[in-house]
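Hi everyone, thanks for coming. Let me put the model up on the screen, and then we'll walk through it together.

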Amino acid sequence: MSHARPRDAWGCLLSLALGVGTVTIVTPAHAENGITDTEIVIGISAALSGPNAGYGAIARGTEACFNYLNAEQGGVKFGDGKTRKVRLDILDDAMEPARAVQNARRLVSQSKVFAVVGNVGTGANLGSRPYYNAEHVPQMFIATGGPMFGAKSEVEKNPWTMAAWLAYNTEAAIYAAFIKQKFPDAKIALLNDDSGGPFFADAFLKSAKELGLNIVAREEHTYSEPTINAKISRLAASGADLFVDATTPKFVVQALKQMAAINWKPVHIIWGVGSSIGGVFEPAGVETAKGVYSGQWMKDQTNPAYANDEDMKLYVAKLKQYGGSLNPADQNAAAGWYACHATKGLFERMEQPTREAFMKAARSMKNQKEPLMLDGITLNTNGAEDGYPIESVQISQFDGVKFVPVGPVLNYEGKTPLYEPPAKSQ
Amino acid sequence: MQYFFQQIVNGIGDGAIYASLGLALVLIYRTTNIANFAQGEMATFSAYIAWQMVDWGVPLWWSFLIAIVVSMIVGVLAYLLLVRSVQHRDELTIVIVTLGLFLAFNSFNGAIWGFLQLSLPSPFPEKSFAIGALRFNAELVGTIVILIAISTGMFLLLQHTRLGTALRASASNATSAMLVGVPFTAMMAIGWGLAAGLGAVSGLLVGPKLTLDPNMMGAIIIYAFAAAVVGGLTSYRGAVVGGAIVGISQALSMAYLPWLGSDLQILLPLMLIVAVLIIKPEGLFGSTVVVRV
């Protein structure tokens, strides 16, 4: 911090001497970074190694998508009429915040990226957020459901950052409303993990309280716990007849198996993170998962309902062609494909080749529909007032083979619960 | 009361997982004097081999057999190519090498088979039994039978055969063993091979239960070490009982000490290790090492 002061002082003197002129000289220099008339450079910092390396498929999915666009469509036609190829620079941060910050510096100062897209992980993105915002480099469509990234007060402080996924608090509020409508007298048990789960749980408990729902048991588990069988037994022993499960695929599989083993058969709601048919239900046994409700906003390749879907067919074909060993059944790869297209959507609406124009497009999305998003779900933002691009969910029920929609798309546009930083954080 | 017994059953189920890997740790420690931190990742690799075989249409039991044999060969190779060159260095060097192996196997598994949850079929029928309101499945019973069989088999092999004596001799005093004509390198390689084979059995037992992913054994290895140390690092019976103790105490603490929270529950095996080391340093079933000074 102390180093910054003399420079700031020089900056003040300089702007005093040059007056407003300084601003007009500096701004284009910023904006020109990473974009020419024929090319744009995008950075990605994601976990490609370490225990979270599985999330690397998000970056690889984005890469496959841009490679496909470059090779078969000559790049992306921008809002200013020019067609540019997209060059990616992908760095590994193992989802560690410290490395994410290092990568941010490297991407901005050495690779001179125009923006970063689809950086993975709540912690890693929170860690690098101050740097991107200080440098005025868009940190766009980051792969996290962290509720802070869309909250008004946070967007005002960090206008260069926007998430790509449904926020955990929005999803939680929607489930609470769904339960109130369909199972108002349920005795509810809640299980969440300790990464994204607490954000979900906080919002769920709050909404449940407002709606007068009856929560009889709650458990949290860490990723380092070998099994959660004892916790499932504990939840079952509470007498709960509705189970809300907000954990990662590995632990959802364990929960389903243990529920079958101890013959606990509540109404079962699993959040979108853990409800992939191929990634969760098949390993756990589809019989066990029959009847599960889940809220979804993205199409799942392992859901036979989309076997003839045009988006899906293109995604599967091109991922095979450009994605190396990526598995189309991996929802992370699909998330990367979606983030790439959402970014392409912004490029197409960006009237000038500047970062400001890019952010302007991002903060003013109206019913933007992108590949792999469920029908009836679109991207909508409105400056700092609405920083959450996705706020609708289709609740569906698993019939043993595929998900069947239950009721219409639940639209929570503008109704995402107010995000309050948890008191115990840090 | 039914809840209490259900949690005991859960604990035994988890304990069996720890014990299966703990047995491999004990074996490699007994035969080569090395604590192999890569044992869990090698077991995961074995489970992937079995999964791959099943995926290619090989019958289940053949897949398991192939996985065990391949793992034993890989174990021997890991020793001959990597560990052998550093085995006479200090313990820290060897630990670092096994940690390197840990990372290597972990990355290799992820690179080849990806990070999605894969489903390894269980060798046991999908039956569950009920005694009163208490429920447990065939998988649990089968696992326990296999663990007891392995620990007895290992005991007999090491205590009552010439090979076992030679293995133990090489581990306890390399120079003397070589002087009386025990082929030291071969014994070490056999130790690694056997441990890898045992690890494979662990991977095959755990895989269907936890579902297969590259980090399947990441958390298990800590508890497996706890099981092995609690039981005494030298006793096979001890590893099985140690696993049960760790598993049951963990399940009961989750059931009755929820205020500990999920973050602190991992301290439990650590506390058990420390307590055992203070009260009975050789472990519950371990043999006291006598050194002439």
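Let's begin at N263(A), which sits in the loop joining α10 (249-262) and β10 (267-270) of chain A. Helices here are DSSP runs of H or I with at least four residues, strands are runs of E with at least two, and both are numbered from the N terminus. What you're looking at is a predicted model, where local features need pLDDT of at least 70, side-chain atom pairs count only at pLDDT 80 or more, and totals for chains, interfaces and linings use all residues. Residues are numbered from 1 along each chain as its sequence is written, while chains are lettered from A and ligands numbered from 1 in the order in which they are written.

The phi of N263(A) is near 60°, a positive value in a residue other than glycine. Is N263(A) buried or exposed? It counts as exposed, because it has 11 C-beta neighbours inside 10 Å. The cut-offs, with C-beta atoms placed from the backbone, are these: buried means 20 or more other C-beta atoms within 10 Å of the residue's own, exposed means 12 or fewer, and partly exposed is in between.

Another asparagine to look at is N367(A), in the loop between α15 (355-362) and β12 of chain A. Its phi is near 50°, again a positive value in a residue other than glycine. N367(A) is exposed, with 8 other C-beta atoms within 10 Å.

Q397(A) has 16 C-beta neighbours inside 10 Å, so it counts as partly exposed. What does Q397(A) contact, leaving aside its neighbours within four places in sequence? The partners are G291(A), Y293(A), F403(A), V404(A) and V406(A); contact means that the C-beta atoms, placed from the backbone, lie within 7 Å. Also, Q397(A) and S294(A) are 103 residues apart in sequence, yet 6.4 Å apart in space, C-alpha to C-alpha.

Now for the sheet in chain A. It is open, has 6 strands in the order β2-β3-β1-β4-β5-β6, and its pairing is mixed. Two strands pair if DSSP finds at least two bridges between them. At the edges stand β2 (76-77) and β6 (161-163) of chain A, each with a single partner strand, so one side of each has no neighbour in the sheet. Further in, β1 (residues 39-46) and β4 (residues 115-117) of chain A pair in the parallel sense over 2 bridges, and I42(A) has A115(A) as its bridge partner in β4(A). Helix α4 (residues 97-110) of chain A packs on this sheet, touching β1, β3 (83-92) and β4 of chain A, with its direction at about 165° to that of β1(A). Those angles run from 0 to 180 degrees between N-to-C directions, using axes fitted as lines to C-alpha atoms, for helices over the stretch in contact. Helix α5 (residues 122-135) of chain A lies across β4, β5 (139-142) and β6 of chain A, at about 150° to β5(A).

Over to chain B. How many residues of chain B touch chain A? There are 32, in contact with 32 residues of chain A. The largest share of that side of chain B, 7 residues, comes from α1(B).

Helix α1 (residues 2-32) and helix α6 (residues 162-172) of chain B pack at about 75°, with axes 6 Å apart. That makes α1(B) roughly perpendicular to α6(B), a label for angles of 65 to 115 degrees; under 35 is roughly parallel, over 145 roughly antiparallel, and the rest oblique. R30(B), T31(B) and T32(B) of α1(B) meet L167(B), R168(B) and A171(B) of α6(B).

The axes of α1(B) and α8(B) come within 9 Å and cross at roughly 175°, which makes α1(B) roughly antiparallel to α8(B).

Let's finish on α6(B), where A166(B), L167(B), S170(B) and A171(B) are buried. They cover an arc of only 135° around the axis, which puts them on the same side of α6(B); the arc is that of the directions from the helix axis to the C-beta atoms. The face turned away from that buried side carries the exposed residues R162(B) and S172(B).

Methods
Contact = placed C-beta atoms within 7 Å.
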